Amino acid sequence: MNEYPLAFLCRMKTLLCSEYSDFLECMGQPSVRGIRLNPLKCDEATLKNALDFPMESSPFSPYSYRIPEDADKPGRIPLHHAGAFYSQEPSAASAVTVLNPQPGEKILDLCAAPGGKSTQIAALLAGKGLLWSNEVVRSRAIALLSNLERMGVSNAVVSSCHPETLCETLSGFFDRVLVDAPCSGEGMFRRDAQAVQDWSEEHVRTCAVRQGLILDSAATALRENGILVYSTCTFSPEENEETVYAFLQRHPDFVLEDSGVTFGRPGIGMPQARRVFPMDGGDGHFVAKMRKTSTAICRVAEYPFAKFSAESDAKALYSQIFNEPLPGSLIQSGSAILIVPEFVPRLSGLGVIRAGVMLGEIQKGRIEPAHALFLSALPRQLRQTVHLSSRSPEIHAYLHGEELEVDSALKGYAGVAVDGVITGFGKCSSGKMKNRYPKGLRSHT
């Protein structure tokens, strides 16, 4: 175990006592590989049929699966491009399972990049309610947005805002808040050499201070009886149980609740929380659930909807593509036209990058449909869809950006589905489909 810092190993020996040798053995093995099904777009049978390797159910989430260590990279298969699943170590799903989002609720994921937990929350919301995904580092927030779009999430706001500003402005607004806090990353040591290089005891202490500040902000954003879930991917008690205890001392209006799950093991001196060690089948996680008991007055302003000049053209374009009514209100942001979800508040001053789904973009006096619009759709919702198999040469040609031959009866915009899951769109004319798959996403294999 020479690759791990000696101070870290000494801390783990003190923490685990008789289980330390089991821990060392697990840390010498590869990280668990996994994927998480996206029920917004795909079902288990479709995903299993498309994979060339088996997937095994995981206890951490009903949609999480283990995959073999030697499996080909899942990101290369067409269903990944279509957002049918998310590559994620299975125990990373544990925090959202404890959060237990319910359709119709307003949920804040305060430290959301790269989007594993936000896309899991969105799947459980099932398109109903509002997901607000925030990431303070803007470049990471852009990657977060890309993942939410790929997974077909239609009811999210993505922002890059300081937690204190965001939570103060949206005080008392949310039913549940997830703080998957930046941490020392000890649980990632098996798969991230940089996390090992960055580790120090001072870094652990610095992280604990920052985590406390983020939790203080999160407390403000919750309504009365709202749920706050705190999670990390580290082992250190300073960043886990001690951070939770300190928060509860500062906020006596919060009570620690049982996590409601059986995977992993109880927290150290905190049986309501859950820990996952490598011996428990995961990389390393901590989750604690708290409830706010005090009254929270919400004065969040509603979004100031207003008519805009391109609105009728946008609605007409939607009707050309979809065979069902527009699911939300339209707003214009710069050249982009967006379909915003229910409950969306006033967005100014919050670093919002995207609200809802981009319907299209105004270009030279017309509206060009957005890739994200099609990714958020099911084939049955579209007037026209070209169906391809994940094992066909046509889907690989499409993902390369090539023109496709299609039924000559198809005219105008049509979705492209792989194994029944929409992965993009094109424009059809005279038996040809002009490819609209974004250049930055195209496959080069």
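Colleague: Which strands form a hairpin in this structure, and how many residues lie between them?

Modeller: The hairpin is formed by β2 and β3, with six residues between them. Please keep in mind that this is a predicted model.

Colleague: What makes strand β1 a partner of β3?

Modeller: Here too the number of bridges decides. Four bridges join β1 (residues 33-37) to β3, and because two are enough, the strands count as paired. They also run antiparallel. One of the residues concerned is R33, whose bridge partner in β3 is I67.

Colleague: In what order do the strands of the sheet lie, and why are β2 and β4 called edge strands?

Modeller: The order is β2-β3-β1-β4, in an open sheet of four strands with antiparallel pairing. The strands β2 (56-57) and β4 (85-87) each pair on one side only, and that places them at the edges. In general, strands of a sheet pair through backbone hydrogen bonds, either parallel or antiparallel.

Colleague: Why is the pair of Y4 and F8 called edge-to-face?

Modeller: Two values must be compared with their limits. The ring centres of Y4 and F8 are 6.2 Å apart, and the limit for a pair is 6.5 Å, so the rings count as a pair. The angle between the planes is 65 degrees; because an angle over 60 counts as edge-to-face, the name follows.

Colleague: Are Y4 and F8 buried or exposed?

Modeller: The relative accessible area of Y4 is 7%, while F8 has a relative accessibility of 0%. Buried means under 20%, so both values qualify. These two residues also belong to one aromatic cluster, together with F23, F189, W199, F235 and F277. The whole structure holds 17 aromatic pairs.

Colleague: How do you know that K106 lies over the face of a ring, and which rings are involved?

Modeller: K106 lies 5.2 Å from the ring centre of F173 and 4.9 Å from the ring centre of F343. K106 is accordingly placed over the face of F173 and over the face of F343.

Colleague: What makes helix α6 a mostly covered helix?

Modeller: Of the 10 residues in α6 (residues 116-125), nine are buried. They are G116, K117, S118, T119, Q120, I121, A122, A123 and L125. After the helix comes A126, whose phi is positive, near 55 degrees.

Colleague: How many cavities of 30 Å³ or more does a search of the whole structure find, and what lines the largest?

Modeller: The search finds one such cavity. The largest cavity holds about 90 Å³ of space. Fifteen residues line it, and the closest to its centre are L145, E149, V153, R354 and G356. At least two lining residues come from each of α7 (138-150), β7 (156-159) and β17 (357-363), with the largest share, three residues, coming from α7.

Terms used: Residues are numbered from 1 along each chain as its sequence is written. This is a predicted model: local features need pLDDT of at least 70, side-chain atom pairs count only at pLDDT 80 or more; totals for chains, interfaces and linings use all residues. Side-chain values use heavy atoms; hydrogens and water are left out. Buried means under 20% relative accessible area, exposed over 50%, partly exposed in between (1.4 Å probe, protein chains only). On a 1 Å grid over the protein atoms alone, a cavity is a set of points where a 1.4 Å probe fits but cannot get out, and a pocket is an open set with protein on both sides within 12 Å along at least five of seven lines; lining residues have an atom within 4 Å of a point. Grid points are joined across faces, edges and corners, and a volume is the space filled by probe spheres set on the points. Rings of Phe, Tyr and Trp (its six-membered ring) pair if their centres lie within 6.5 Å; planes under 30 degrees apart count as stacked, over 60 as edge-to-face and the rest as tilted. A charge sits over a ring if NZ of Lys or CZ of Arg is within 6 Å of the ring centre and within 35 degrees of the ring normal.
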